[in-house]
Amino acid sequence: GEVCTVINKKYSEFLPSMRSAEDLVAQVEGLANNIDLLRAGIENEVQRDLDVAVAEFTELKQQLERDTLVLSVLQKLQEFDRAVSECSSALLEKQHVPAAQHLEKARSSLRSLESRGGFELKILKALGTELTVQTQNVIYHLGEEWQKLVVWKLPPSKGSSALEAVVLSELHLHTQDAAVPPVAAVLQALAVLGELPSKLKDFGQLLLQYILKPLISHPSLEPVPEEQPDVFILRFRSQELALDESSPMEVFDRIKLVFEFLHKHLLSVPLEQPGEGRREGRVTLAELLGELIWEELSDCLIHNCLVNSIPTNSSKLEQYKEVIESTEEFEKALKRIQFLKEDTTALLKYACNVDSHFANKKCQDVIMAARNLMTSEIHNTVKITPDSSIALPELRDPGSGDQLKVQRPCSLVHSGTVNLGSESRLSPFTLCLPPCRISSSVQQLLELAYHTLLEATASTDLCCVQLFDCVRNIFQLFYEVVPTYHRENLQKLPQLAAIHHNNCMYIAHHLLTLGHQFRYRSTSVLSNGAATFVDLVPGFRRLGMECFLAQMRVQKGEILERLSSARNFSNMDDEENYCAANKAIKQVLHQLRRLGMVWQDVLPVNVYCKAMGALLNTALAEIVTRIAALEDISAEDADRLYSLCRVMVEEGPQVFTPLLEEDKNKKYQEEVPVYVQKWMTFKELMIILQANLQEIVDQWADGKGPLAEEFSAAEVKSLIRALFQNTERRAAALAKIK
């Protein structure tokens with residue numbers, strides 16, 4: 001029963017908990033059903049609504065972006081429109097700077113519109129066109145205002161000379177005129193629009209063409225500034241009595257006057273520099289103009305003013321300091337008005353380098369003068385004798401302290417004789433050039449060389465070396481120019497060839513001592529003995545020799561050609577043959593006489609005698625060869641040949657006339673055998689032509705006689721066979737010639 005009681009008790013306790021559990025299960029099942037229903041609802045309805053909402057949101061966002069973009073574009077368009085209309089009204093009120101600034105605003109609005117990607121508006125093209133039209137309109141107005149401020153009164157270009165045109169030119173500045181807008185406003189507006197450089201460039205070019213360059217190149221011009229209440233005028237006055245060239249000081253003063261005038265009334269205007277990349281802050285108009293025209297102006301000042309002022313004489317170099325000082329002062333004045341930057345020194349650099357410029361100019365002048373002398377006529381001559389002295393500079397005697405003495409150019413020893421111990425004395429003329437004629441241009445050329453070297457010894461080292469090189473160049477130039485320039489005449493005219501030969505020998509003679517003579521002049525670089533011309537001597541001697549020898553070859557050729565028409569001197573008993581031979585000999589003598597005359601008083605006597613001797617020798621040798629080669633000579637032939645030879649022997653020496661004084665030539669005519677190698681051979685031939693067999697054998701004298709001196713045994717035998725018939729006496733005579 002107790003068990004039952006416990007069971008009942010347990011059961012009664014279990015039952016409510018089971019019931020509550022069952023209730024819970026039922027609730028859970030209901031909840032699960034609700035969840036299922038709710039999920040189905042969400043999946044079916046809420047998700048759909050959500051998707052719609054997201055799509056709507058995205059669309060609204062894009063709409064907003066589009067509206068914002070349109071709004072900003074409209075704002076920019078409004079800004080552009082306002083800027084353009086404000087520009088127009090500012091322009092009407094002649095407010096040029098605001099007008100230009102509004103235009104720049106409109107330009108930046110348009111740029112930002114154009115820069116938006118993926119956004120094409122047809123209106124942009126129209127706006128661009130409108131902006132261009134407005135800009136050109138403003139620029140045109142500014143241009144007109146600029147033309148009212150700066151007025152050029154220029155003469156018509158035709159019909160007046162350059163100087164007249166400049167004298168009639170005027171520059172009017174209306175910068176203080178109440179009737180025109182302030183100059184700063186016009187210039188600032190142009191600067192804002194980026195048009196100032198081109199306006200200034202045009203102004204700078206006119207300034208150079210009509211004011212600055214004429215002032216540099218016309219010494220007679222003088223600028224005359226004039227101030228009136230509402231206009232400032234710059235005009236010119238031409239002075240009648242002006243020099244050919246202005247000094248740099250005068251030119252600098254005139255240019256300074258112009259710039260001071262321009263600075264006072266125009267160039268001092270300060271400007272704000274617009275745009276990026278430009279230096280910050282303000283800049284004056286003078287600085288901008290300086291950047292544009294200084295290079296051209298400084299070039300013009302150097303080439304048309306400073307170059308001309310460089311001295312051509314070293315003694316004037318000292319006075320050039322004044323030019324250097326005034327150049328420095330000129331640059332400082334232009335820097336004060338800000339026309340030049342502080343580091344600009346082109347002019348001063350050029351002026352300070354005067355030594356080098358002096359040397360360059362001097363060398364240029366010397367070479368030009370030398371070239372003119374070399375291309376002048378060779379046949380204008382002067383006589384050189386041992387005691388003739390050219391106008392050469394005085395050179396100090398090495399032993400005479402400061403005393404100066406004239407050194408005679410062709411005498412390298414002191415006057416009087418030089419003692420060589422007790423027994424022998426040298427003539428004072430030992431080292432002299434023999435008397436002859438040279439071109440006066442060559443004498444002048446040497447004077448030029450001496451004077452240039454003299455100048456060199458008084459110059460700075462740099463200059464000295466340059467001038468010394470210049471003198472060497474003169475001689476090298478002679479070597480190149482003269483033989484080429486005068487080639488034809490030197491080939492055709494024997495007298496010119498002789499003068500050229502003398503010229504070369506004369507130059508070589510001076511070159512031996514030219515450097516040496518200046519060793520004692522100063523402490524210059526020439527005094528170390530390195531300055532020499534000796535190396536040029538062999539070249540000049542060769543040049544003279546070659547030219548003269550070429551002429552000798554021509555003359556020898558002509559002699560041989562004339563003798564070739566003598567029909568080998570054979571069959572002289574035939575009248576025609578005799579006439580031909582006679583004519584040939586006459587022509588040869590005529591040629592020699594003519595040469596004797598054109599070389600007379602030109603060549604040195606020893607050269608003259610050698611040359612004439614060589615040519616006469618050519619003729620005699622040819623005649624001997626032709627006669628010795630004859631196989632048959634009749635008695636009449638022999639007589640006629642003898643008479644032809646006698647003409648040569650009698651008239652040949654008379655072609656020797658080296659001197660103008662007739663009586664002095666006798667001596668040289670008697671010395672002909674000395675200069676004509678074949679003279680004795682020719683005389684022996686004449687003896688043979690007149691001799692009998694015994695006389696010929698006597699002349700031979702067993703190979704020891706005078707005949708044997710001139711002819712070989714074979715030649716004598718050949719002549720005997722030609723002259724004598726074949727007899728026992730002839731055979732006996734031939735046997736003795738061996």
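This report walks through some surface patches, ring pairs and salt bridges in a predicted model.

## Patches on the surface

Phe14 has a relative accessibility of 44%, so it counts as partly exposed.

There is also a patch with charge. Asp573, Asp574, Glu631, Asp632, Glu636 and Asp639 gather on the surface, and the charge of this patch is negative. To place one member, look for Asp639 in helix H19, residues 635-651. Asp639 is partly exposed, because its relative accessible area is 46%, and that value falls between the 20% limit for buried and the 50% limit for exposed.

## Rings that pair up

Now for the aromatic side chains. A pair of aromatic rings is described by the distance of the centres and the angle of the planes. In this model the count comes to 12 aromatic pairs. Take Trp152 and Phe203: their ring centres are 5.9 Å apart and their planes meet at 55°, so this pair is tilted. The pair links distant parts of the chain, with Trp152 in strand S1 (residues 150-153) and Phe203 in helix H6 (residues 196-217), 51 residues apart. Are these two residues buried or exposed? Trp152 is buried, because its relative accessibility is 18% and the limit for buried is under 20%. Phe203 is buried as well, with a relative accessibility of 2%.

Phe259 and Phe339 make another tilted pair, since their ring centres are 4.4 Å apart and their planes are at 45°. This pair also links distant parts of the chain, 80 residues apart: Phe259 belongs to helix H7 (residues 248-267), while Phe339 is in the loop between helix H9 (321-336) and helix H10 (346-352). Both Phe259 and Phe339 are buried. Elsewhere, ring pairs tie Phe468, Phe475, Phe478, Tyr479, Phe533 and Phe540 into a cluster.

## Salt bridges

How many salt bridges does the structure hold? There are 20 of them. One joins the side chains of Asp36 and Arg39, at 3.5 Å from N to O. These two residues are 3 apart in helix H1, which means about one helical turn separates them. Asp36 is partly exposed at 43% relative accessible area, and Arg39 is partly exposed at 47% relative accessibility.

As for a network, salt bridges with shared partners join Glu170, Glu226 and Arg235. Within this group, the side chains of Arg235 and Glu226 meet at 2.3 Å, N to O. Arg235 is partly exposed at 24% relative accessibility, and so is Glu226 at 27%.

## A histidine in helix H3

Last stop: His141, which you can find in helix H3 (residues 122-149). His141 has a relative accessible area of 29%, so it is partly exposed. Along the sequence, His141 and Val186 are 45 residues apart, yet in space their C-alpha atoms are 9.5 Å apart.

Key
Residues are numbered from 1 along each chain as its sequence is written. This is a predicted model: local features need pLDDT of at least 70, side-chain atom pairs count only at pLDDT 80 or more; totals for chains, interfaces and linings use all residues. Side-chain values use heavy atoms; hydrogens and water are left out. Buried means under 20% relative accessible area, exposed over 50%, partly exposed in between (1.4 Å probe, protein chains only). Patches are made of residues with over 30% relative accessible area and no salt bridge: like charges are joined within 9 Å, nonpolar side chains (Val, Leu, Ile, Met, Phe, Trp, Tyr) within 5 Å. Accessible areas come from the Shrake-Rupley method with a 1.4 Å probe; for residues, only the protein chains shown count as cover. A salt bridge is a side-chain nitrogen of Lys or Arg within 4 Å of a carboxyl oxygen of Asp or Glu. Lys and Arg count as positive and Asp and Glu as negative; His and the chain ends are not counted. The place of a charge is taken as NZ of Lys, CZ of Arg, CG of Asp or CD of Glu. Helices (H or I, at least four residues) and strands (E, at least two) are DSSP runs, numbered from the N terminus. Rings of Phe, Tyr and Trp (its six-membered ring) pair if their centres lie within 6.5 Å; planes under 30 degrees apart count as stacked, over 60 as edge-to-face and the rest as tilted.
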